[in-house]
Amino acid sequence: MKKHIFFVLFFCAYLTNAQQKITLTYTDLTRVEVIKKIEEKSSYRFYYVKDWLKDKTLVSGSFIDKDLSDVLNNLFNGTLVNYYIHTENKVILSLNSVIHTSFPNLVWAETKEQKETNNNQKSTPIFYSEVAKDKLSNSKIIRIGKESKNSTKKEYTLKGYAKNVTTGELIPNLALVVKNTNLSAVTNENGFYSIKLPIGVNEIEATSLGYTNLKQTIIIYNNGKHNFLLKESSVLLDELIIEAGRDKNVNEAITGVSSIKIQNIKNIPLILGERDILKVATALPGIKKAGEGSAGFNVRGGKEDQNLILLDDAVLYNPSHFFGIFSGINPFTAGDVDIYKGSIPSEFGGRLSSVFNIKTKESDFNEFKGEAAIGPVTSNLALQIPIVKEKASLIVGGRGTYSNWILDLLEDENLKNSSASFYDTNLKYTHKLSDNDKLEVSGYYSNDSFSITSDSLQTYSNRLLSVKWNHKFNEKNSGDLIIANSEYKFNLDFDENSINDFELDYRITETELKLKMKYLANEKHKFEYGVSNKLFNVSPGNIKPKGTQSIVSVFDTPKERGLESALFFSDNFKVNKKLLLNLGFRLSLFTALGPSSQNVYDPSLPKNESSILEVKDFGNNEVIKTYGGPEIRSSVRYALTPSFSIKAGFDNTYQYIHTLSNNTTASPTDTWRLSSLNIKPQQANQLSFGLFKNINGNEYELSLESYYKTSKNILDYKVGANLLLNQNIESDILQGKGKAYGVEFLVKKNKGRLNGWFGYSYSRSFIQLDSEFGEERVNNGNFFPTNFDKPHDLNIIANYKITRRYSVSANFSYQTGRPVTYPIGSFLLNGEERVLYSDRNKFRIPDYFRLDIGFNVEGNHKIKKPGHGFWNISVYNVLGRNNPYSVFFVTEAGEIKAYKSSIFAFPIPTITYNISF
Amino acid sequence: MKKIIYFISISILLTITNSCIEEFDAATEEFEDALVVEATITNQLKYHNITLTRTYSFEEYEPNVETGATITIETSNNNTYNFSEYTSGVYTSTTMFKAEPGLEYTLSIKTQDGKEYISQNTQLTNVASIDKVYAEKVIDDDGVEGIGLYVDSYDATNNSKYYGYEFEETYKIIAPFWTPDDLILNSSGGFSVVPRSQEEQICYNTVVSKGRLLTNTDLLEEDRISKFLIKFIPNNSISINSRYSILVKQYIQSGESYNYLRVLEEFSSSQSLLSQSQPGFLTSNIYSVNNSNEKVLGFFEVSSISEKRIFFNREDVLDTPYPWVCNIIDPSVDDLTTLVRLDRVTLVYEKPAGEDGGPYDVVTRICGDCTMSGSNIKPNFWID
């Protein structure tokens, strides 16, 4: 039984009317001094706690023959102090509370909750019932706002920031839950929150990963501000969780979203010592890779080029190093990744399947921090540098490989001559210009170079730059202005000291200007709207001679230019507690711009050189062709219970930029090309449905999602197409229909000693390449499985904490083997044996499975030490399974031999040491 | 700690790199039977051949031939050349003819079972002749010394672009330990020394290349083939024991036929481990008239041809003599009986009685009898 202590004061009303008149003038005095003055000039005596008036603001005033109440009203205006003039010339001051002169018609027992029956009353007094503190909440009671006698409102807004008590760093995604109610709020990315609370006592629990939970009793008298100051947990983030905001999964309207926090994947077993946020993503249902050594992702049956990968708002064209074995994202500087594979928010566009929105961590504003790792193949260093305390800071990261020396040690002649290396660096500068303005500048550069043979060298690089200015106009309106520029290029050098030596370059750049506005209209409507414009410049392939003896001619494939514009709008419409709609709309438009020469083909003939009717020339910036249309991005959530919801979504998307590749899997030399007169934009429609359930808070999260997707104008190629330096590329391109569907099941356990997840998906992905002309048909024009159609996909990631310092983790992965085109016979041509291939993707390589284990040791937890160490010992592919990646057939001495290749056929042990300081 | 990391890293890299690719026994999971047409018509006046075969499964060693077909080639000036089957599956033109520039050629095939096939209209490609074929001493990538055979060609009109090379090698073999006499077993079980019954000192062998070597000048400023490697012969190859000749045939190909052969080659050569080009059925310029989905393999090409033959002696290029591996032995009578019966040795020297060891010095047959490695008939074109 809770003990109630009431200290409501009540007095008789008649006493308040007899006031002495006061004449008083004062300038630049503190309120305490004014009170002293009043006491000197009158017989009033004031009773108060000095702390309430410790504010040193100077006030001035002049009163002639006024009531004391007038003087005091003026004096305490803008403070939280109320007063009560008692008989016998006593003035009692109070903080927050109003001292009531009548006793409301309440029964004592009802003071705990404010009853609706009181709503006729002019003002509902707040009775301060101090609840017996439970032992965890050692906090003081916080009173917010000044109680107003005249208010009829029953709810007030509390807002403020969540901050790290030691560093002052703002804490995003902090969940604020009001006990015994349905009320909750989550801090936004800037650590800001706003919550409507009923007047009176509210017990708020603030929880965030990595911070000790904070319980605070807050008494609401009026609108007000309160900052939650949280302490970091003594052990940094030792759980393996994918989570954003508690119950977000259940509550949001949009479907098919996954969020990964880099900190939470710390304990997952590593491959070659690299923590890899994108690789973890592939352990979630619906996100796959064609194979271990393939770059890019296949999301819900989509091709690798259909993913929009954003790093701080700029597009990252190639997110992988070394053919996809390592990711291009530095794990030390990356913050969160949100992956949209179902409902794509209307602010994003231009890709059919998914958006990977990767944010760099915000640097610490107060303290210099660093993190470093030493692994067998790479080393990594990241620093957080405050520039102006509380206002500006910089995070920089860099990674590099030193694998070449290992290759040099090997005896194999071919490998000795081969080399591979990569590095990447990134930085992000954050400056809080004012309370309402924030500027973020991000940069990223990555470079890969490898040579498989001694006479060729391939390099590729990504360069990203983005500037974002966030401005808050007022409580309800805020906006982001973003300028982002990305460049991707690759280069092929061939040098064998002959007349054929050459240098080949490919380059794409894009610049985007985007304005995104948020308008929180009211409880029911939250609007987002904006406009974006993106300019593409592609130089699809230039070749020039290398060295003096080369007679290779200089050749430039004509450059391509295009402008992608979009208007977007969305309304997060809360119809009622149960029904939430997210209505999104995007209007996108693509204009292919000159200068250019475009072939016009005879539609009654297959596209090839002989069916060109005319060549149209377009001048600089002349419009070649415009494509576009409306895109609907809508979803609905219906909450059956607070922790169980069903969702449905419908999305359509356009894509105006495509990769050309005649490989079975993505590779760095795939070229991006724009839609043109002869290449139509790709389009997709997706219908999705999901059930979401949380058990025991969010200890367990369950979801079952399904989708059905159709697409058209998906690019593919004629067999043997020559895609580089091809001027009539469209004659080698086929565009066809796609069809994909699947069911995804995920159970996550977020808390406890054992945590992790189990994900399974059954999905199919097909493509159809049909035409009236035989040479433009594949598999007789029927639907056939895509190269990444892997129906069964199962992933288990588990982490078990033995003690605070030791933990073990395991990762199991099983997938159906991917489809391959297999020989179905031989034939003899010019005396050589050749193979006849089956219909495309008629067979499958054996199923893939792999188990990895890891053992993690945290450094000791002494407070005084130079840095915090962390050891990870991992074994990748413990079972040593030889998972074939591809099969191919070679004619050697006139005879066919069959080979299968795998990337990692043996267990690979790695040991990495991380230190943060 | 550093040591551990080094050690582990090395072991990792070793495991990665040692086990990536392994051979396996492919079985034909599903066999598809299709017609294979080998039809190259050139501007050489001759009886042209067209070969029809079928695809075959991995379990078979050679293709079945397509017999009993009717083949004709029609030209745009209304000439028809008929072909008849002289050997099974090989169809030869009934008259001599050569492809002429500016005319269109169409191939028609009607198989025994009544299926009809037709090619696209095809024209003779540009005519360009080989400039030079030459041999040079080289050391290859594996550090082996040998002879590189190269070709140069140049087309000032810049119209040739796509080149294919085939070749025929002919070489003379001089058996280093040839003697006029040979050792035979006589009817009484003893040895007899008799004069050789045939030419066994100097022979010739001809080897025809398989497949076609491809190169193009697409990316070059000039239509020039410079030092294109036709063949590398290691210095211990018997083909360069004394005198060697090569006939290089240069085909100027159409872009389509070149691409057809190039892609087939790409599908059957070593692939990069990490990116594999998409294999599949490659459309030919020959179609089935009855069923547009029927697969037809091979290409009908009308290509100009240019030939060049060169001769050279080993010592013209290399400084070292051919390293014959010839052990002269004198086995016991019993052993020798077996060796002679199996034709393994030839006589070098008949030892006078009383010397140690066996009665005769003999040598491995290949060192004393050139017919082991070639034919003893001198080819007509051979120039010493």
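**A colleague's note on chains A and B**

1. In chain B, β21(B) and strand β23 (residues 360-364) pair in the antiparallel sense over two bridges; strands pair here if DSSP finds at least two bridges between them. Strands (E, at least two residues) and helices (H or I, at least four) are DSSP runs, numbered from the N terminus. Within this pairing, I329(B) sits opposite V362(B) of β23(B).

2. A word on the basis: this is a predicted model, where local features need pLDDT of at least 70, side-chain atom pairs count only at pLDDT 80 or more, and totals for chains, interfaces and linings use all residues. Residues are numbered from 1 along each chain as its sequence is written, while chains are lettered from A and ligands numbered from 1 in the order in which they are written.

3. Back to the sheet: it is open, has three strands in the order β21-β23-β22 (chain B), and its pairing is antiparallel. Its edge strands, β21 (328-329) and β22 (345-350) of chain B, each pair on one side only.

4. In chain A, helix α2 (residues 68-76) has L68(A), V71(A), L72(A) and L75(A) as its buried residues (buried: 20 or more other C-beta atoms within 10 Å of the residue's own, with C-beta atoms placed from the backbone). Viewed down the axis of α2(A), these fall within an arc of 90°, so they line one face of the helix; the arc is that of the directions from the helix axis to the C-beta atoms.

5. Just after α2(A), G78(A) adopts a positive phi of about 85°.

6. As for scores, the model has ipTM 0.85 and pTM 0.73.

Technical notes: Buried ≥ 20, exposed ≤ 12 C-beta atoms within 10 Å, placed from the backbone.
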